[in-house]
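Please read them with the structure open.

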Amino acid sequence: MAKKSMAVAASIKALGYSPDYAARSLSNPHGFVLGLCYSNPTNAYFAEVLLGCFAQANLSRCQLVLERIDGSNAEPDAVTSLTAKGVEGVILTPPLCNSEKVLQVLSSANIPAALVTSGQPAMGYSAVSINDRKAAQEMTQYLLELGHRRIGFVSGHPSHIASEQRFLGFKDAMEGAGLPVQAGQVAQSVCTYQSGLEAAEFLLSGGFNPTAIFACNEDMALAAIALSFRKGLDVPGDISIAGFDDTPMAGMISPALTAVRRPIAEMAKEAIRLLVDQLGAQRAGRPWVSTHTMMDFSIVKRASTDAPPERSGGNGGYRKIVKR
């Protein structure tokens, strides 16, 4: 059997054979070939997106093709690649779902898209999102209710609409409590673990002395926990940490992470369903109207947050940890 497989592989290579994705699409009149386009996602987030996309693609009898789009000039090449693979529609994840250039290139190629997005979806595209601003406001309000007043915020990538919305929600809650956001209270980041370490260092060493840090994605919140431990701080005894996304990793670490839960896999499934509906309507010649599905979020309270610590001597220093 192994020799037969090797012979087949050798024949394929000698003949220069490559799969005809377009022919596969035509041979499957009940399904579609869909593309999932992504750019520099965090691993836990992307795993949830894949889980949802593959589950719904299977239910819809569709094939799923993955395509990474990176770099300012990569969009035309990516669309050419998708077209060659017979892709009839694509799912766009952040930040691609917010890119006018990506949407324009797809529109020019006549490839429909559904967006797994945040903030205001692009006109004419079906989209799935949560209310990021309200979610961030509620998480900040929870920290305020615990008694925190010095809450540091780790912002996300400046080009992500979700990052802007989450910062505005944080600001809404702080100002609603009569606590204007100060210089040194917000650390700019780019949604990666490494940038989260740098942002947490800025907040913990810059003189603001937060009793809590709210990071606007999970990787950066995990980085804040790791850096706190490196500095000899107890979480949540000295500092509370909260995040956003709530993938399975949030409940596996110690202390388990308090987080805004958005149903990432369900959002991806819904985006596939909306795209299949659009393609089905087009194939049947039926009218189609774009749909924006707003999904629920929740605040998952875990061990990484608690009431603020007592400060030693009133000088803003963290208390000394007593290990038992």
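Predicted model: local features only at pLDDT ≥ 70, side-chain atom pairs only at ≥ 80, totals over all residues.

1. Largest pocket. Its volume is about 610 Å³. Lining it are 29 residues, and the closest to the centre are Ser39, Asn40, Pro94, Pro95 and His160. By class, the lining splits into 13 polar, 11 nonpolar and 5 charged residues. Helix α7, residues 161–176, gives the most to this lining, with 3 residues.

2. Second largest pocket. The volume here is about 180 Å³. Its lining includes Leu106, Ser107, Asn110, Ile111, Pro112 and Ala113. Gly124, Tyr125, Gln278, Gln282 and Trp288 also line this pocket. The class count is 6 nonpolar, 5 polar and no charged.

3. Helix α6. This helix covers residues 132–145, 14 residues in total. From first C-alpha to last, α6 reaches 20 Å, close to the 20 Å expected at 1.5 Å a residue. Just after α6, Gly147 takes a positive phi of about 110°.

4. Buried side of the account for α6. Which residues of α6 are buried? They are Asp132, Ala135, Ala136, Met139, Thr140, Tyr142, Leu143 and Leu144. The cover over them includes α7 and the strands β6 (151–154), β8 (212–215), β9 (240–245), β10 (258–261) and β12 (298–300).

5. A link between α6 and α7. The structure holds 13 salt bridges. One of them pairs Asp172 with Arg133, at 2.7 Å from N to O. Asp172 lies in α7 and Arg133 in α6, so the pair ties together parts 39 residues apart in sequence. Asp172 is partly exposed, at 33% relative accessible area. Arg133 is also partly exposed, at 32%.

6. Glu270 and Arg273 meet at 2.7 Å, N to O. These two are 3 residues apart in α11, so about one helical turn separates them. Arg273 also forms a salt bridge with Asp277, with the closest N and O atoms 2.9 Å apart. That pair is 4 residues apart in α11, again about one turn. Through shared partners, Glu270, Arg273 and Asp277 join into one network.

7. Is Glu270 buried or exposed? Glu270 is buried, with a relative accessible area of 13%. Arg273 is partly exposed, at 33%. Asp277 is partly exposed too, at 37%. As for the spacing, an α-helix has 3.6 residues a turn, so residues three or four places apart point the same way.

Key. Residues numbered from 1 in each chain as written. Heavy atoms only, no water. 1 Å grid on protein atoms, 1.4 Å probe; cavity = no way out; pocket = protein on both sides within 12 Å on 5 of 7 lines; lining within 4 Å. Points joined across faces, edges and corners; volume = space filled by probe spheres on them. Nonpolar A, V, L, I, M, F, W, Y, C, P; charged D, E, K, R; others polar. Expected span 1.5 Å × (residues − 1). Buried < 20%, exposed > 50% of the residue type's maximum accessible area, 1.4 Å probe, protein only. Contact = heavy atoms within 4.5 Å. Salt bridge = Lys/Arg side-chain N within 4 Å of Asp/Glu carboxyl O.
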